[in-house]
Amino acid sequence: MLPTKGGRVRPMNRDDVLGLFRLRLKLEPRLAIESSSSLTADDRKRLEAILDRLHGRMIVGERLDVHRQFHLRLLRNAMSDWDFRIWNHVYTATERYAGLRFALEHEADADRRDHMPLLDAMKSGSESEVRTVTVEHIERNRHHILAMIDNVS
């Protein structure tokens with residue numbers, strides 16, 4: 001907000017993307033590993049239901065909401081209140097970039113295809129698989145978003 005001038009939207013930029021995704025890489029793999037050990041059958045059913053919703057046609061805002069639900073449900077079992085506060089702040093800041101990706105790229109099966117490996121890794125019980133798949137997911141999204149920013153600029 002600018003005094004007497006209203007608001008201004010901060011432009012998207014590479015430094016924000018790099019910083020936000022660096023923070024996600026520090027936080028999410030550890031939380032995913034810890035959460036995987038307490039994932040219940042009910043949690044898995046909820047996650048699969050969320051993935052089914054991601055497969056359907058939605059406007060960008062709805063997709064962002066369902067996408068957030070999936071990532072939060074994956075990690076929530078391991079989150080302290082502070083973990084959630086920090087994750088929520090960082091994740092919310094990345095949503096403007098995810099929204100750009102959702103608006104510019106949409107294949108009917110892309111969301112499910114991109115997220116099913118996360119759920120499969122969580123089900124596996126393998127810490128190394130959970131870490132690897134989580135890191136790959138975050139890095140892949142960072143790469144796609146940086147490419148889109150470069151193409152839009």
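How do the residues of the lining of the largest cavity divide into nonpolar, polar and charged? Before that is answered, a word on the model and its confidence.

The structure is a predicted model. Its mean pLDDT is 88, with 90% of the residues at 70 or more. Confidence in the protein is highest in H1, where the mean is 96, and lowest in H5, where the mean is 88. Where pLDDT is low, predicted coordinates should not be read in detail.

Rolling a probe the size of a water molecule over the atoms shows where empty space is left. Searching the whole structure turns up 1 cavity of 30 Å³ or more. The volume of the largest cavity is about 90 Å³. Its lining consists of Glu-28, Ala-32, His-71, Leu-74, Leu-75, Leu-118, Ala-121, Met-122, Val-130, Thr-134, His-137 and Ile-138. At least two lining residues come from each of helix H1 (14-36), helix H3 (60-75), H5 and helix H6 (127-152). The largest contribution is that of H6, with 4 residues. As for the opening question, the lining has 8 nonpolar residues, 3 polar and 1 charged.

H5, one of the helices that supply the lining, also packs against another helix. Two packed helices are described by the angle between their axes and the distance between the axes. For helix H2 (residues 41-55) and helix H5 (residues 110-124), the angle is about 170° and the axes lie 9 Å apart. H2 is therefore roughly antiparallel to H5, because an angle over 145 degrees counts as such. On the H2 side, the contact is made by Arg-44, Leu-47, Glu-48, Leu-51, Asp-52 and Leu-54. H5 contributes Asp-111, Arg-112, His-115, Met-116, Leu-119 and Lys-123. Sorted by class, this contact of H2 with H5 holds 6 charged, 5 nonpolar and 1 polar residues.

How values were computed. Residues are numbered from 1 along each chain as its sequence is written. This is a predicted model: local features need pLDDT of at least 70, side-chain atom pairs count only at pLDDT 80 or more; totals for chains, interfaces and linings use all residues. Side-chain values use heavy atoms; hydrogens and water are left out. Axes are lines fitted to C-alpha atoms, for helices over the stretch in contact, and angles run from 0 to 180 degrees between N-to-C directions. Angles under 35 degrees count as roughly parallel, over 145 as roughly antiparallel, 65 to 115 as roughly perpendicular and the rest as oblique. Contact means heavy atoms within 4.5 Å. Ala, Val, Leu, Ile, Met, Phe, Trp, Tyr, Cys and Pro count as nonpolar, Asp, Glu, Lys and Arg as charged, and the others, Gly among them, as polar. On a 1 Å grid over the protein atoms alone, a cavity is a set of points where a 1.4 Å probe fits but cannot get out, and a pocket is an open set with protein on both sides within 12 Å along at least five of seven lines; lining residues have an atom within 4 Å of a point. Grid points are joined across faces, edges and corners, and a volume is the space filled by probe spheres set on the points. pLDDT is the predictor's confidence in each residue, from 0 to 100.
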